[in-house]
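Please look at the sequence and the structure first.

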Amino acid sequence: MEKSSDSTFYVTTPIYYVNDVPHIGHAYTTIIADALARFQKLAGKEVFFLTGTDEHGQKIEKAAAERGLTPMALADSVVGRTQDLWKALDISHDFFIRTTMDFHEKGVQKLFRALVEKGDIYKGEYKGWYCVSDENFLAEDVPFEAAGHKTCPDCGKACSAVSEETYFFRLSAYQDRLLAHYAANPEFVRPPSRMNEVASFVRGGLKDLSITRTTVKWGVPVPDDPRHTIYVWFDALHNYVTGAGYDWNMPLFRKFWPATVHLVGKDILRFHAVYWPAFLMASGLPLPKTVFGHGWWLRDDTKMSKSKGNVLDPQVLLRVFGPDPIRYFLLREIPIGQDGNFSHEAFIHRVNSDLANDLGNLVHRTLTMIRSYFDGRITHPAEESDEDRRLRTDFGDLKARIFDLYGDGFMNKALEEIWAYIGAVNKYLAGNEPWMMAKDPARRGRLARVLFQAAAAIRGLSYLAFPVMPRSMEKIWGFLGEESKPGEVPFSRMGFDGFEAGREVGMPEALFPRVALKDFLGGDAAAAPAAPAAGTGPKKEGNVDIITYDEFRRMDLRVARILKAERVAGATKILKLDVDIGTETRQMVAGIAETYAPEDIVGKSLIVIVNLKPAVIRGIESQAMLLAAVTGDNKALIPFFDRDLPPGTPVK
Ligand code: ME8
């Protein structure tokens with residue numbers, strides 16, 4: 001990804017829409033960016049890592065109206081939750097930009113005005129189709145006059161017809177310069193297959209781009225013509241310059257611009273690899289070095305997306321596993337440019353096998369032996385045998401390969417190689433049987449060597465895995481009695497030899513939870529409309545469990561409004577619902593299909609419990625449970641409220 005000798009590294013994620021909180025797909029991009037940023041810091045670069053939120057436009061205006069909020073109130077609440085999520089996932093961004101920040105709006109207006117003066121932006125009339133979900137003007141391959149509506153070829157949603165006065169950006173004038181730039185800079189779009197897509201799109205001909213709207217109020221006003229607001233993508237893409245100081249902190253901007261890599265999902269590659277460089281060329285600003293279009297996380301072979309409602313909430317996994325298993329799984333499971341299906345089974349398998357067994361056990365076993373055979377002190381070892389030496393030199397080779405793999409963004413390959421080395425260390429221990437050596441006082445020097453070698457290898461491999469799993473690897477260094485933290489040691493200075501005898505190791509704690517699939521996925525409990533909420537070891541009175549008021553209070557019961565209800569293919573008893581619980585939208589599965597048709601319940605308000613352990617039912621994550629009466633013939637009847645109440649109202 002970055003091979004020049006530049007001393008700075010500037011990495012960005014897309015800025016995410018605030019119509020809802022981020023899901024696993026957004027976490028994926030942000031975690032890749034974080035691992036790259038952490039690695040480049042180790043490699044000695046001065047790093048700037050930018051992420052943030054895209055808060056203007058019709059999509060946000062619409063989402064806010066649906067919830068009875070102002071766009072700003074919706075943005076504030078989603079931003080708070082996004083920042084909490086990034087903190088919980090140990091994301092180490094240097095700045096979080098919001099497009100509603102004053103300096104950003106001013107920067108966008110300044111750039112817009114300069115392009116008007118230059119003649120690259122001009123006023124005209126736009127007639128065509130607009131997809132609100134993608135915030136995208138469609139190519140006019142269907143005549144605008146055609147009856148009915150048009151479906152967006154990208155997301156499948158209905159588009160609206162637009163006919164309004166607009167400012168155009170002279171995109172057509174940049175076609176040749178863009179093609180010349182791609183030809184001269186093959187690294188501009190990665191992976192290479194995506195470069196072909198982009199170049200053939202541009203070769204197909206570029207039309208001027210409408211970049212203002214008169215019908216959308218929630219946006220940055222056009223300077224000197226405030227009837228128009230600036231199109232959300234013109235506004236959003238400029239976050240990469242304003243977020244790095246353009247127009248308000250020019251020393252910072254000069255230091256880090258142009259960006260080293262814009263990480264984006266392949267869904268928005270065209271905006272970044274065609275429109276964005278054209279805007280920059282027009283403004284006379286240097287172009288980013290690379291736009292990397294990564295693949296998608298899918299559910300049941302379709303893209304996980306907020307508008308499709310098939311998303312997974314990272315908070316659910318975070319509560320049970322903490323950040324590192326999620327970071328590891330997302331980066332290990334699929335090669336960066338490809339798509340992959342998210343499966344809980346695969347996730348649990350990786351946690352139990354790669355993390356708890358291969359790595360967790362290795363650390364635990366080694367430290368426990370050092371504690372029991374040498375009182376916890378790393379003891380001066382006997383000479384290295386050939387096999388010991390190989391473990392050491394293999395580490396050196398591994399380190400060199402990992403440097404290149406991380407540098408090129410091939411995180412999954414890097415993790416694969418680190419785990420191959422973990423396998424080799426495990427084999428080394430099994431083959432040497434230190435537990436047998438411990439029985440023979442004559443082999444004490446050899447025992448010290450084997451444990452020394454294993455501990456030094458663990459120190460080294462946890463250093464290499466640090467960019468991906470910073471929290472656990474820092475813990476391992478703590479167990480090994482290391483005074484510095486892995487994040488503080490430069491890559492060039494890290495070596496197997498940096499491990500010395502004399503230090504004292506600590507008591508290892510379990511690093512990764514081992515969770516049985518059935519415990520995590522739960523049973524049908526969440527599908528049952530009114531499963532009893534029994535506490536542990538309750539008192540009984542007659543046949544009734546007595547719980548205390550405090551136990552009852554632990555349940556977060558709230559008014560929720562049903563936003564969407566649909567049948568689940570192949571299941572007759574359950575419906576999949578999206579409910580607004582005041583602070584967010586939750587997806588849930590409820591056993592009510594025999595009593596209610598989806599269209600009868602949308603818009604109604606009911607009671608849900610929102611802090612029940614989530615369950616996965618028929619492959620769908622249920623993130624809340626509704627309350628209902630269950631009749632003798634097992635029919636669920638929901639007590640709906642007889643008047644309008646705001647979602648989120650507490651039920652006590
Ligand atoms: O597009 N798999 O915001 P957005 C992998 N605001 N990555 C995914 C994903 C999935 N299933 N779903 C989303 C926008 N992503 C604009 C961007 S930038 C100037 C403006 C990730 O909230 C991926 O990075 O729809 C994708 O490009 C991004 O989230 C889209 O986030």
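I will begin with the nonpolar core and then turn to a pocket.

This is a predicted model, in which local features need pLDDT of at least 70 and side-chain atom pairs count only at pLDDT 80 or more, while totals for chains, interfaces and linings use all residues. Residues are numbered from 1 along each chain as its sequence is written, and side-chain values use heavy atoms, with hydrogens and water left out.

By nonpolar core I mean a set of buried Ala, Val, Leu, Ile, Met, Phe, Trp, Tyr and Cys residues joined through side-chain atoms within 4.5 Å, where buried is under 20% relative accessible area with a 1.4 Å probe, protein chains only. The largest such core has 177 residues, and among those with the most contacts inside it are F169, W257 and L359. Domain 1 (8-320) and domain 2 (343-498) both contribute residues, so this core lies between them; the domain bounds come from an automatic or database assignment. Leaving aside neighbours within four places in sequence, L359 is in contact (heavy atoms within 4.5 Å) with residues including W419, L461 and F512. A second, separate core of 21 residues includes A560 and L606.

Where does the second largest pocket lie? Domain 1 (8-320) and domain 3 (555-637) both give residues to its lining, so this pocket lies between them. A pocket here is an open set of points on a 1 Å grid over the protein atoms alone, where a 1.4 Å probe fits, with protein on both sides within 12 Å along at least five of seven lines, and lining residues have an atom within 4 Å of a point. Of its 28 lining residues, N19, D20, E66, K306 and S307 lie nearest the centre.

Key:
Buried means under 20% relative accessible area, exposed over 50%, partly exposed in between (1.4 Å probe, protein chains only).
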